[in-house]
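Please consult the sequence and structure shown here.

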Amino acid sequence: MAHAQDGSSMSDEGFSSSTPGRAQVVIIGGGIIGNSVAYHLTKLGWNDVVLLERDRLTSGTTWHAAGLVVSGGMTTQTLAWMAKYSRDLYEVLEEETGLSTGFRPVGYLQTASTKERAHKLRREADFMRLMGIDREEISGAEVAALWPQIDASEVITGFYTANEGRADPYNVAMSLAKGARLGGAQILEGVGVLGITQEDDRVTGVVTDGGVIEADYVVNCAGMWARQVGAMAGVSVPLQAIEHNIGTILARIKTKYRENKAALAVLAGMASAHVAAMLGNHRGNLLNKFDLRLVDQAIHCHRDIRSQR
């Protein structure tokens, strides 16, 4: 969050490299949320918008998100509306920006093996239909037909939403970023936020490692760094990042989340020494050092482990 990277900006792709002295809105964080806020502000006519990213866009928690675009568990009007709106936007955003979101409506399947869960999912499906989301109840046999790998012998019923699926989180963020830039927003990479200025209990701007930017509004979209950013303005954000292991490294394969070939970094099952080797100097200070380079380190660690077998 306060750590700035020395890498060059993406100015050749339309991303800015100079820090302005003032903006109406400053957004802290260049993940999918920050880019979405910038995109939607420009759609509302706010074009004096600056987005700051300490490293590269999506280098926080966006790059390794699963990318599921589904409405499961969205049991309030606001959440259900957001789920449907996001799905619909990701389907057509490429037409506006020229950058694909990677959205694939592969379908969303929920299953129930107890009467209690079936009742819960049935009530949820009724609510979703009221919100314009078409969720169909199907039999256990139909569940097995849709997902042959499952043992459906204990499945009582299933619920299927045909037009939901998955997207590529990186591509979604980059498409939103381009849409925001086309709307007049300025996007700065490699600019770390060091502090937030205030006067008379009101935010007046941000202090960056590239200078001070005065602002009428500052939006905290820092993801797992949101607590630290909030603290800069004296705001307590009830969020804490927890370091954990995520799977095993399997060379380049087709993953269930992406149709393109990608490295699936999974660290579970590795000895703790291997995990420590992968994290290297990042361990103990992982929050400030967390970025896309951890993927490269994981891949190299996997190659080292394989070479020792």
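The sections below describe a residue in a loop and then the aromatic pairs.

## Basis of the model

The model is predicted: local features need pLDDT of at least 70, side-chain atom pairs count only at pLDDT 80 or more, and totals for chains, interfaces and linings use all residues. Residues are numbered from 1 along each chain as its sequence is written, and side-chain values use heavy atoms, without hydrogens and water.

## Arg135

Arg135 belongs to the loop between α3 (115–130) and β5 (136–138). Its relative accessibility of 1% makes Arg135 buried (under 20% relative accessible area; exposed is over 50%, partly exposed in between, with a 1.4 Å probe and protein chains only).

Beyond residues up to four places away in sequence, Arg135 touches several residues, including Tyr108, Glu124, Phe159 and Glu164; contact means heavy atoms within 4.5 Å.

## Aromatic pairs

Two aromatic pairs occur in the structure. Trp46 and Tyr217 form a tilted pair, 5.7 Å centre to centre with 55° between the planes. This pair links distant parts of the chain, 171 residues apart: Trp46 is in the loop between α1 (32–43) and β2 (49–53), and Tyr217 is in strand β11 (residues 211–220). Trp46 is partly exposed at 28%, as is Tyr217 at 41%.

Trp81 and Tyr85 form a stacked pair, 5.1 Å centre to centre with 10° between the planes. Because they are four residues apart in helix α2 (residues 77–97), about one helical turn separates Trp81 and Tyr85.

## Terms

Helices (H or I, at least four residues) and strands (E, at least two) are DSSP runs, numbered from the N terminus. Rings of Phe, Tyr and Trp (its six-membered ring) pair if their centres lie within 6.5 Å; planes under 30 degrees apart count as stacked, over 60 as edge-to-face and the rest as tilted.
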